Amino acid sequence: MTIPYKPRVKRKFIGGYQPRIDGLEKAQGKPLYADDIINERNYPGLLYAKVLRCPYPRARILSMDTSKAEALKGVKAIVTYKDPNLKAMKPTNAGWTDAVDTVSYDGMMWGKFRDRNILGDYGTWAGDEVGVAIAAESEQIAEAALKLVEVEWEVLPYVMDPISAMKPGAPIIHPHIAPENVLPFDPVGGPDCFLSKGDTDQGFAQADVVVDMDTIHDNPTQGSLDPWCCMVQWEGEQLTVFSNSYATDQTRMHMSQMLDLPLHNIRVVSQYVGGQFGRADTGDQPFFIFTALLAKKAGRPVKFKHTRRDSFHDTRQPALYHCKVGAKKDGTITTLHFSSIGDIGAHADHSVFALKFAPAEISEVALAHIPNQKMESWAVYTNRIPGCMMRGVGNSQFNFIFGRMIDGLAEKLGMDPVDLAIKNFGHEWGSRPDPSLKAVLEIGAERIGWKEKRHKPGAGELIDGIKRRGVGFSLHPAWHAEWQEVRRGQVQVRITLLPDGTVTLDAPTVETGTGSNTCNVLGCAEALSFLGIEQKDITWVSTVDTDNGLRDCVQTDSAVSFLQSEVLVLAAKELKEKLINLAAEKLEVKSDLVDIVDGMIKAPGKSISVKDLLMKGDLVPLSVMVSRKPDSSRTGVPYIASFADVEVDTSTGKVEVLKLVIINDCGTVMYASGAEAQQIGGQVMAMGEALTEELIYDPIRGVPLNFNFVDYKMPTILDMPKVEPVLLEIWKGAGEYGACGIGEGTLTCSPRAIANAVYNAIGARVDEIPITPEKVLQALGRI
Amino acid sequence: MENSPTTSSNERIALRINGEWREFEIGKDLQPWMTLSAFLREKLGYTGLKVSCDEGACGACTVIMDGKAVLSCMILAVEANGREITTIEGLPKDDPVILAFAEQSEPGHGTALQCGYCTPGFVMTTRALLNENPNPSMDEIREALSGNLCRCGCYDAIAMAVTHAAEKIVAKGGLS
């Protein structure tokens, strides 16, 4: 059943159901992505780079001979770990920032965990970039040349899971950073026990009910269709980078700091990117540097592009969670203890953000009313693919235990978990019941048929003699209200009113598919309503170029949809003032007597259209640039929830999701069709994560087996259930719109909602995702 | 290897691309090992089609060959000799399929595209489907599009767009 959302405030542009501004050009296949632009037609003399990837889970290069590769016709430049400039290069990581803010080398978020070298001699997972990069006349020649490089490897012992990695005697992967494979204290994440409130020992002792549980969140990968790709070109000391990095300022800062070049000598350009999903290219990847070195050495532009295999470079970090909860008989939760072990893979990246920051943030909001809390985490190196952010950072992993806790505790207490959640969760600044939480759960329950379909675990009707149905849900506080974006710093936009009354909108952000470009145009039209303009009169600048001078507001945290529109409100006011002053001068009246309504300038006894005023003037465009820091008013957060209806075949173990209801309180819906696209679209990742997607390793050799789209099972159209999106405007943040980002959160709750529904269906828990048929049959005691 | 003596040849192939017959010399204009997707994108500049998996698993490189949707990363350019190829650049700007994908926005389904990377593949698969079956059922639509991956997850809206494209074709009085 389709029920369009009801806006709290009816506006002319913001919030509507309408096509995307780039719908037509994308449907025509016209937008140019990095790989479409970086070719020999656009960059004559272009060379192609390839890099050596460590074939072992852990190994060191003892010696290397590149002479045969150098002799191959078409090879133009080779750089290796033995080059003095590479040896002298500062150690780095591949996650200076989550791209919310731009950071320098010294200011990188995880300065204690600089565990990568640009083309070092030490590989820590099968796929690590090591030792040598080659630029040649074609990709095939570069590939062939790599095969001619003779490498003597010292193959080292390795460890593939965090529990083994924590045991005495385990191979130590980065001894200078983590002498026991566990990441040490850092200022952002804090100590192992990163949160302690009240007295949990006493809390458990005094609780009427105590429940323990464990969950395992395995590692899906982002699966963007657009492989990472860059082109670096030197013209004297001037460096140009074209890439599908979605963080141009960070790319420029990275290259400046690693290559010791002044910022003004570096120009970084990006435009359309084929998917972000939490780990698009933030421009601080080592490949930018070795590509630049190759381009310098060859004196020609060089392209580096990932193959599909190379595109398996990050995951949602696997996490093992334990939770112990204590409550009173009436359902009041008094005590919570969460502990987790994160498999961060071979490089630390933003792992600590996922394991410590995200849960601590939830403690501050959803769990604010619970007196006794303890949270501990250990981030552990293994020789697997690195894992950190993927459409959220730690939220999905935490939700998988959080939603399990609600369901398990409610069962023990004999309560409806919806009631248990409403009773206990809110946020620090509000009272309970929280209106947003109550709304998302009650509407979700109604839409899924909670009261009618829910039954005691495994006690539902048996269908066709083998199938059982069940319902489940999970909830989470959203985490992209404006006050949570303060770290971003200034958000900058420029509106240029052209002489014919049309508008150019510079709201720099690399378009990755989120729909924020449409939000920006709608926000611009809304703010400029005094001009009487329509959406079609506004051109959104799709190329982000550091030479433009404006800060690039990076597509992260799902927040760009409203952050730039809030600034546009101020920019429009400033533009109106400028226009009034111009009109006052022209009409020879005092400016406070002039007003502009629907494109007409009005003063006592005089009237002229904005267009006439401008076209009869000097034809100089009227431009305003406004910077604004996100509003830090602590307004709390809205809630999100997923409800699932599933059918489990108890003979095969296959889980069929019949329906998902996804509820997001947005504060303000900026663009309804785009928001629903995020809600529905997020379920493709959620379904994969819950049921089919997993990275499989050969346990004997420690190498990945399914880093391709044939064997890594991302859902197709046939795998998807009916998804019902529900948008709400209950909570409101600061500013004109007071919106909250939703993109990441659309999928956070769904794997747990599905897992709880599976339990409701079969009466046996599968608390490790993906919930494969084997795990279901094991839970049922069939295998 | 490019320009290697073993692959040089004076053999020519002819392809009808977006309505125009064009001749190419093997060894000079293209290499025998070159995939159709690489040839179309890199040598001829038809960048609408994308190469994402390069092994026939994602559908992003779909073009129409002799009326059928094919994966151009799984065909050698030389195999297309004598064939008629349509890329997304060859569709009219107001093609009902393109318009339906662009406009899709009704409540409850979202938009038919987000990042747009997979979109040309879906458009071409849909075009081929509707050429053969102008009035497909929802099951037929889902089956026909099951070889195309959309990681942004616009499947529901894509299926709606296909039904709207079919309606547009009927409204225009049949196949365009």
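Predicted model: local features only at pLDDT ≥ 70, side-chain atom pairs only at ≥ 80, totals over all residues.
Between chain A and chain B, 23 residue pairs are in polar contact, both residues being at pLDDT 80 or more, where a polar contact is a pair of N or O atoms within 3.5 Å, within protein one able to donate a hydrogen and the other to accept it, with residues adjacent in sequence counted only if both atoms are side-chain atoms. Residues are numbered from 1 along each chain as its sequence is written, chains are lettered from A in the order in which they are written, and side-chain values use heavy atoms, leaving out hydrogens and water.

The count of salt bridges between the two chains is 5, a salt bridge being a side-chain nitrogen of Lys or Arg within 4 Å of a carboxyl oxygen of Asp or Glu. Asp35(A) forms a salt bridge with Arg41(B), with 3.1 Å between the closest N and O atoms.

Turning to the contact as a whole (heavy atoms within 4.5 Å), 63 residues come from chain A and 51 residues from chain B. The area buried between chain A and chain B, that is, the accessible area (1.4 Å probe) lost on putting them together, summed over both, is about 4,600 Å², and carbon and sulfur atoms give 60% of that. On the chain A side, Ala27(A), Leu225(A) and Ile717(A) lose the most area to chain B, together 16% of what that side buries.

Conventions: Buried area = accessible area lost by both parts, 1.4 Å probe.
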